[in-house]
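Take a moment with the sequence and the model below. Then follow the path from the sheet to the helices and the core.

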Amino acid sequence: MRIAVLGGGHGCWAAAAELTENGHDVRWWRRDAAAHQALREAGAMTVRDHRGTRQVRVGELVTDLAEAVRDAALIVIPLPSTTHADLAARLAPLLTDGQVVFLPPGTLGSVLFGKALAEAGNPADVAFAETGTLPYLARRHGATEVVISGYATRLPTGVFPARLAAKAFDVVRAAYPSVEESEDGLSGALMNAGPVIHPPLILMNAGPLEHFEAWDIHNEGTQPAIRRVTDALDGERIALREALGYGAPHFPLADHYATDGDEWMYGRAAHEKLTDSGDWREKIDLLTHRYMLEDTRLGLSLLVSVGRWAGVPTPVAAGLLSIASAVTGRDLYAEGRTLESLGLAELSRPELTRLLREGFTS
């Protein structure tokens, strides 16, 4: 299958490597074309994972976005949601009937990209799928190497518009067999683990993060008090899903840390693999890091916004977002990805349900 991978982040490297190794025809684009020069010169990337170390020669490194997505059945965008607005506007005129855009994860990016398609006046029937996490626990090492500490084993995924879900899942499963069907794009967005795990970790570890040169929020930063806050925050997410009529499994984050019970998105012992790798011992700038600008500003604002719209209290999410606003000196809700910012806050529940099923242009 012809697949376009868009972006230059850690997950993009892992996606380009895995999809190439699995026999797909991969075109890889990033907006900073010069950043691929070292990889072009090396001729292959070095991949390290549980199978060892090897060289992977990615199909095509392209500099033109239109060339990257032309004739691609699947367009994979493993980028932070902070990039979505700009990329959606650039991508919208280029999409054609039958293509599937996959956002792992999305923060309701499926609706944002669908709206951009409509605003561009592009009548193509395109499906936008979003899932609860990156398919990889990955970190780049140097200019040509990526280390993949874990692969997702379950990827709960929703499609916008939902009327295209059956065809979209056929396409996405050809690349990611572990996807599991969620009801629609909002259901997929409410599976996003980043806004649940990262805001408590960075805000409740703010002192060590600003004091030490490097700090592992997942190792010594994950203490019982913080886990209790995470569980409470995740409880708000699950209550919101239930109030909106979305069914189980809800993928509670507690399963990520458990050694028995239901398997979470990365399978068993994923937390231990993550901490054992040492790749998450890093410097996190609370003003600029994606855990603040993506998972907190965009992710928590979405939870709070949908909660207000649905009449479901989200005091922990709102409290963390308020503290984060004080830390950054910014109104993160006003800057967030909310139903208000997407122009959906005035819709009734039947109207939103219809939009999620039919899309903007139907």
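In which sense do strand β2 and β5 pair, and over how many bridges? This is a predicted model, and in it β2 (residues 25–29) and β5 run parallel, joined by three bridges.

Now step back to the whole sheet. It is open and has eight strands, in the order β5-β2-β1-β6-β7-β8-β11-β12. The pairing is mixed. At the edges stand β5 (60–62) and β12 (179–181). Each has a single partner strand, so one side of each lacks a neighbour in the sheet. On average, neighbouring strands are turned by 30° against each other, direction ignored.

Move along to β8 (residues 127–131). Why is this strand largely enclosed by the rest of the structure? Five of its five residues are buried, so the rest of the structure largely encloses β8. In a regular strand, side chains alternate between the two faces of the sheet. In β8, A127, A129 and T131 point one way. F128 and E130 point the other way. All of them are buried.

Next, look at the strands that β8 pairs with. Strand β7 (residues 100–103) is joined to β8 by four bridges, and the two run parallel. Here V101 stands opposite F128. Between these strands comes a helix in the unit: β7, α5 (residues 109–119) and β8 form a right-handed β-α-β unit. Strand β11 (residues 155–160) also has four bridges to β8, but this pair runs antiparallel. There, E130 has G158 as its bridge partner.

Turn to helix α1 (residues 10–21). It has twelve residues and spans 17 Å from first C-alpha to last, close to the 16 Å expected. Is α1 mostly covered or mostly open? Mostly covered: ten of the twelve residues are buried. Among them are W13, A15, E18 and L19. Just after the helix, G23 takes a positive phi of about 95°.

Finally, the core. The largest nonpolar core has 117 residues. L6, M45, I77 and Y176 have the most contacts inside it. Helix α13 (residues 290–310) gives this core its largest share, nine residues. A15, E18 and L19 are among the buried residues of α1.

Terms used
Residues numbered from 1 in each chain as written. Predicted model: local features only at pLDDT ≥ 70, side-chain atom pairs only at ≥ 80, totals over all residues. Heavy atoms only, no water. Expected span 1.5 Å × (residues − 1). Buried < 20%, exposed > 50% of the residue type's maximum accessible area, 1.4 Å probe, protein only. Pairing = 2+ DSSP bridges. Right-handed = clockwise from strand over helix to strand, strands pointing away. Core = buried A, V, L, I, M, F, W, Y, C linked by side-chain atoms within 4.5 Å. Axes fitted to C-alpha atoms, helices over the stretch in contact; angles between N-to-C directions.
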